[in-house]
Amino acid sequence: MATVTGTSSAIVAGLTAAALATVGFLGHRAAANVPAELHRPSAGAAPTALKAPRDKDHPTALPGRSGEGTRVVYSLDDDRVWLVGGDGGVRRTFRVSPGTVDPAPGAYRVTSRSKRVTGSDGVPVEHVVRFASVDGTTIGFSAAVDGSPPVLDPKKRTGGVRQSRADGAAMWGFATIGRKVVVIP
């Protein structure tokens, strides 16, 4: 009986190996024959299919497909933020000045906040709302205490997304810990 069990196990193992090899081969063939327009974008490229539609007649209007519910929407292409209530209505929109490091498009949550700190560029900032990290660089919204825009050094990795002091105060009141932040291209 031991030989029948051993032989059966060997047959099952052989059939499993053959099935896996066949699936791997067919998967490789399918991947090699994907039309060029269906290939994923290269690393660092923003996926054009995911670009939120814009209203050309109203450039400050909330882009479509920018999420649902209460959220902060941050457009990388437009350097603009929308504070959106649970009913989908825009509570406030404003321009921002990004640092040298951008987060990837996607949904995040506010992870920490600080009333006043020194920014990664050495400038005192207030109303810091952090929501992402890219290779060790923390990304968050903040306002310079002196109201100055960021001075970007392309050699330094900075993740501060600067806003005016008034917009920073509005962000501070709106973007509490756990609040959704949707980053769109």
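**Exercise 1.** Over the ring of which residue does the charged end of arginine 179 sit?

*Solution.* Start with the criterion: a charge sits over a ring if NZ of Lys or CZ of Arg is within 6 Å of the ring centre and within 35 degrees of the ring normal. The ring is that of phenylalanine 174, with the charged end of arginine 179 at 5.0 Å from its centre. Next, arginine 113 lies over the face of tryptophan 172, 3.7 Å from the ring centre.

A word on the model: it is predicted, so local features need pLDDT of at least 70 and side-chain atom pairs pLDDT 80 or more, while totals for chains, interfaces and linings use all residues. Residues are numbered from 1 along each chain as its sequence is written, and side-chain values use heavy atoms, leaving out hydrogens and water.

**Exercise 2.** Classify the ring pairs that phenylalanine 141 makes with tyrosine 74 and phenylalanine 131.

*Solution.* Rings of Phe, Tyr and Trp (its six-membered ring) pair if their centres lie within 6.5 Å; planes under 30 degrees apart count as stacked, over 60 as edge-to-face and the rest as tilted. The whole structure has three aromatic pairs. For tyrosine 74 and phenylalanine 141, the centres are 5.6 Å apart and the planes at 75 degrees, so this pair is edge-to-face. For phenylalanine 131 and phenylalanine 141, 5.0 Å and 25 degrees make the pair stacked. Finally, Tyr74, Tyr108, Phe131 and Phe141 form one aromatic cluster.

**Exercise 3.** Is phenylalanine 131 buried or exposed?

*Solution.* Buried means under 20% relative accessible area, exposed over 50%, partly exposed in between (1.4 Å probe, protein chains only). At 3%, phenylalanine 131 is therefore buried.
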